[in-house]
Amino acid sequence: SAHQWQAPSPTDSRGPCPGLNTLANHGFLPRNGSNITIPVVLKAINDGFNFQPINLLRIGAKLGLLTTDAEDSFTLNNLALHGTLEHDASLSRNDYALGDNVHFNETVFTTLANSNPGVDYYNITSAAQVMAQRLAEDKIVNPTLINTVKEFTVRIVESGFYLSVMGNVTTGVAPKNFVQIFFREERLPLAEGWERSEVPIGEDNFDTLLSGITNVSTWAPSGEVVCPWIRLQP
Ligand code: HEM
Ligand code: MG
């Protein structure tokens, strides 16, 4: 069918966002990962994930435009521009300074994969612990690590993304199996029993989820870059 999973071809554009890569692999976004406009990406996120076009997503999509010289569209690979949306201490990709900030990296992902031992789900507490652990790991290996409040804010949102889209936006609980397939294969785990959120993910429930993660997070800025900044162009 139109939304069957299909692996990307070598010429299809993919990037550092497992969410958008997955939407392209299922044909909610153009499968070639190019010519992505704001309305196209917002509709894809809604169709694929039942995630409403809330302000946060609109801003994220607009920031995507800053990663390219094109006037009103981006490719999934454009999004890798370090310092616009792309940041260090990712959950599943290495730091820019360490070589490859785009492709899924199983070693990096081990921290999330192995979190919340003894149960078969991730939750708000484990997500916050994973964020702290990824940062601690990178402090050791990346002397150029950037960790201001901007990166922290974006990282909280991304943790909220996998908990809500692969799990439950109200409880913040997501089956490990679903989350792992999402990151490793950039596939919707439909065959494994995943269903698109029955509840629309929207402003109120998503904000509450983000507050929950923030509240159990231990975080402090670190490194030489202290002021949040945004790279405005390639
Ligand atoms: C990460 C862009 C929407 C899930 C990222 C990154 C970018 C990005 C540039 C890389 C950040 C980094 O880790 O360094 C966007 C844009 C979006 C969007 C422009 C649309 C406005 C979504 C949605 C989901 C999602 C709807 C839902 C599942 C994620 C996750 C990460 C991420 C889980 C973290 C990956 C990691 O830390 O390894 N996104 N994204 N994104 N995105 Fe998206
Ligand atoms: Mg990154």
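Me: What do the buried residues of helix 4 pack against?
Reply: This is a predicted model, and in it they pack against strand 1 (121-122), helix 5 (124-141), helix 6 (149-165) and helix 7 (176-185).

Me: Which residues of helix 4 are buried, then?
Reply: Helix 4 runs over residues 106-113, and Val108, Phe109, Thr111, Leu112 and Ala113 are buried there.

Me: And what caps the N-terminal end of helix 4?
Reply: That's Asn105, with a side-chain oxygen 2.9 Å from the backbone nitrogen of Thr107.

Me: OK, switching to ligand 1. What does the protein donate to the iron atom?
Reply: A single donor, the SG of Cys17, at 2.3 Å.

Me: Where is Cys17 found?
Reply: In the segment before helix 1, which covers 18-25.

Me: Which residues come nearest to ligand 1?
Reply: There are 23 residues around the ligand, and Cys17, His87, Ser90, Leu91 and Ser92 come nearest.

Me: What lies close to the oxygen atoms of ligand 1, backbone or side chain?
Reply: Both turn up. Ser90 puts a polar side-chain atom 2.6 Å from a ligand oxygen. For Leu91 a backbone N or O atom lies 2.7 Å from an oxygen of ligand 1, and for His87 a backbone N or O atom lies 2.9 Å from one.

Me: What about the space taken by ligand 1?
Reply: That space is the largest pocket. Helix 1, helix 2 (38-49), helix 3 (55-65), helix 6 and helix 7 are the elements that each give two or more residues to the shell around the ligand.

Me: Which of those did we meet with helix 4?
Reply: Helix 6 and helix 7: the buried residues of helix 4 pack against both, and both also contribute to the ligand 1 shell.

Technical notes
Residues are numbered from 1 along each chain as its sequence is written. Chains are lettered from A and ligands numbered from 1 in the order in which they are written. This is a predicted model: local features need pLDDT of at least 70, side-chain atom pairs count only at pLDDT 80 or more; totals for chains, interfaces and linings use all residues. Side-chain values use heavy atoms; hydrogens and water are left out. Buried means under 20% relative accessible area, exposed over 50%, partly exposed in between (1.4 Å probe, protein chains only). Helices (H or I, at least four residues) and strands (E, at least two) are DSSP runs, numbered from the N terminus. Contact means heavy atoms within 4.5 Å. A polar contact is a pair of N or O atoms within 3.5 Å; within protein, one must be able to donate a hydrogen and the other to accept it, and residues adjacent in sequence count only if both atoms are side-chain atoms. Donors are N, O and S atoms within 2.8 Å of the metal (3.2 Å for Na, K and Ca); water is not among the atoms, so sites may look incomplete. A residue is near a molecule or strand if one of its heavy atoms lies within 4 Å of it. On a 1 Å grid over the protein atoms alone, a cavity is a set of points where a 1.4 Å probe fits but cannot get out, and a pocket is an open set with protein on both sides within 12 Å along at least five of seven lines; lining residues have an atom within 4 Å of a point. A molecule sits in a cavity or pocket if more than half of its atoms lie within 2 Å of its grid points.
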